[in-house]
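Please look over the model below with these notes beside it. They take up a few local sites, then a helix and the spaces around it.

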Amino acid sequence: MGKEEMIVTPWKVSGDVDYDKLIEKFGTKPITVELLERIERHAGYLHVQLRRGIFFSHRDMDWWLDIYESGLPVGLYTGRGPSGPVHLGHLLPWFFTKYLQDTFDADLYFQMTDDEKFLIHPELSLEDTVGYTHENALDLIACGLNPEKTFIISDVKHISHLYRLALQVAKHITFSTAKAIFGFTESDNIGIIWFPAVQAAPCFIQSVREGRKVAVLIPAAIDQDPYWRMTRDIAEHLGFYKPAQMHAKFLPGLGRGGKMSASMPETAIFTIDPPERAAQKVMNAYTGGRPTVREQRMLGGDPSICTVFAYYYYLFEEDDERLKRLEEDCRSGSIICGECKERLAERVKIFLREFQERREKARELLDKFFLK
Ligand code: TRP
């Protein structure tokens, strides 16, 4: 199979994603050992997503730490496009955001872009996307964020908090810049052309609410980077700091190639999947195994192309030693795919049962988390 061309935009990710190339193309920096050591010093430990290079790139994270270390206020901002149920790929950066919130005692502004998703999905109504805002907020809350320090913004419901900021941003961005950054064409609707100003606004909301310049860090998957390039260009004109970023890789789907995507439900594990159903998806996953057990015992499997191994790596085996052993056992043929999948399916079931319990409890907290 030939290599598919890599496409990484806020609205489409496909092909074989080459993360080194993205660092070059987007002009970001790799996360260095020095940076990891600095974060570890504050947190007391390195989050698994840092140890494994899942968060792999950044802009100005060192500056953001300078500000924090000098005792000045720092903040966090991230978000979600509520176009359907949440899957494991969405949870990864939110777990990581909780680690940052706990470590740096930072306020988090979390944007639900129910406007964006309405504008780009022909089949979704505003009732749908605003409904998903509430449903998806349960998932976010279930990740354990601090209710005193987390402010969820629904663009549709809370636009009055963002509108002045979005207008200031919009006034400084020409159509030709927006086209160059986002690839807009003549046939795009005018709502989506204005929308980047709305996604930029929460970078500055904490500064406005507190009446002082707050250094903001955005932990998010790398596909959102075009928004931050645009925002960084105009931030200082508006009297704010440029937002810093940390960029994550995408969780692969359970099928062959590509990131986990809600548009391919058979290869995505949703937080609301019945645990047995999710276990089935794992049992059908694409692996790095051989066609027959005999061959696998003799030749071993290939974890580097295996989605099951990826799930241990990204989420379900936090113990580095045990992960290493699994990789060796796979390569040597001492474990075969059926057994490996069953173990993972078991972990996925336990994870989902616990998560779903927390998600149900979150219903009572919803109101507390939304921006007032
Ligand atoms: N556009 C994002 C999406 O479709 C949602 C979003 C808004 C976001 N603000 C953000 C994501 C900040 C990460 C960081 O998913």
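1. Ala215 is in contact with Trp63, Trp64, Ile67, Pro73, Val74, Gly75 and Tyr241, leaving aside its neighbours within four places in sequence. Contact here means heavy atoms within 4.5 Å. Ala215 lies in strand 8 (residues 215-221). Helices (H or I, at least four residues) and strands (E, at least two) are DSSP runs, numbered from the N terminus. Ala215 counts as buried because its relative accessibility is 0%. Buried means under 20% relative accessible area, exposed over 50%, and partly exposed in between (1.4 Å probe, protein chains only).

2. A word on the source. This is a predicted model, in which local features need pLDDT of at least 70 and side-chain atom pairs count only at pLDDT 80 or more, while totals for chains, interfaces and linings use all residues. Residues are numbered from 1 along each chain as its sequence is written, and side-chain values use heavy atoms, with hydrogens and water left out.

3. Tyr68 sits in helix 4 (residues 61-69). Is Tyr68 buried or partly exposed? Its relative accessibility is 25%, so Tyr68 counts as partly exposed. Tyr68 touches His42, Val74, Thr103 and Phe104, not counting residues up to four places away in sequence. Val74 is also among the contacts of Ala215. Tyr68 and Phe151 are 83 residues apart in sequence, and their C-alpha atoms are 20 Å apart in space.

4. Two backbone angles deserve a look. Most residues other than glycine have a negative phi. Asp60 has a positive phi, near 65°. Asp60 is in the loop between strand 4 (55-59) and helix 4. Asp60 counts as partly exposed because its relative accessibility is 26%. Asp105 also has a positive phi, near 50°. The place of Asp105 is the loop between helix 5 and strand 6 (107-112).

5. His158 is in helix 8 (residues 155-171). With 11% relative accessibility, His158 counts as buried. Setting aside residues up to four places away in sequence, His158 touches Ile152, Ile153, Phe370 and Leu371.

6. Helix 15 is mostly covered, with nine of its ten residues buried. Among the buried residues of helix 15 are Val308, Tyr311, Tyr312 and Phe316. The buried residues of helix 15 pack against helix 5, helix 16 and helix 17.

7. How do helix 15 (residues 307-316) and helix 17 (residues 337-361) meet, and at what angle do their axes cross? The axes come within 10 Å and cross at roughly 35°. Axes are lines fitted to C-alpha atoms, for helices over the stretch in contact, and angles run from 0 to 180 degrees between N-to-C directions. The crossing is left-handed, a term for a near helix turned anticlockwise from the far one by less than a right angle. Val308, Tyr311, Tyr312 and Phe316 of helix 15 meet residues of helix 17 including Cys340, Arg347 and Phe351. Ala, Val, Leu, Ile, Met, Phe, Trp, Tyr, Cys and Pro count as nonpolar, Asp, Glu, Lys and Arg as charged, and the others, Gly among them, as polar.

8. On a 1 Å grid over the protein atoms alone, a cavity is a set of points where a 1.4 Å probe fits but cannot get out, and a pocket is an open set with protein on both sides within 12 Å along at least five of seven lines; lining residues have an atom within 4 Å of a point. The count comes to one cavity of 30 Å³ or more. The largest cavity has a volume of about 110 Å³. Grid points are joined across faces, edges and corners, and a volume is the space filled by probe spheres set on the points. The lining has 15 residues, with Gln296, Cys306, Cys330, Cys337 and Cys340 nearest the centre of the largest cavity. Helix 17 gives the most to this lining, with three residues.

9. The second largest pocket has a volume of about 240 Å³. Its lining includes His47, Leu92, Tyr314, Arg347 and Phe351. Helix 15 supplies the largest share, three residues. The lining divides into seven nonpolar, two polar and two charged residues.
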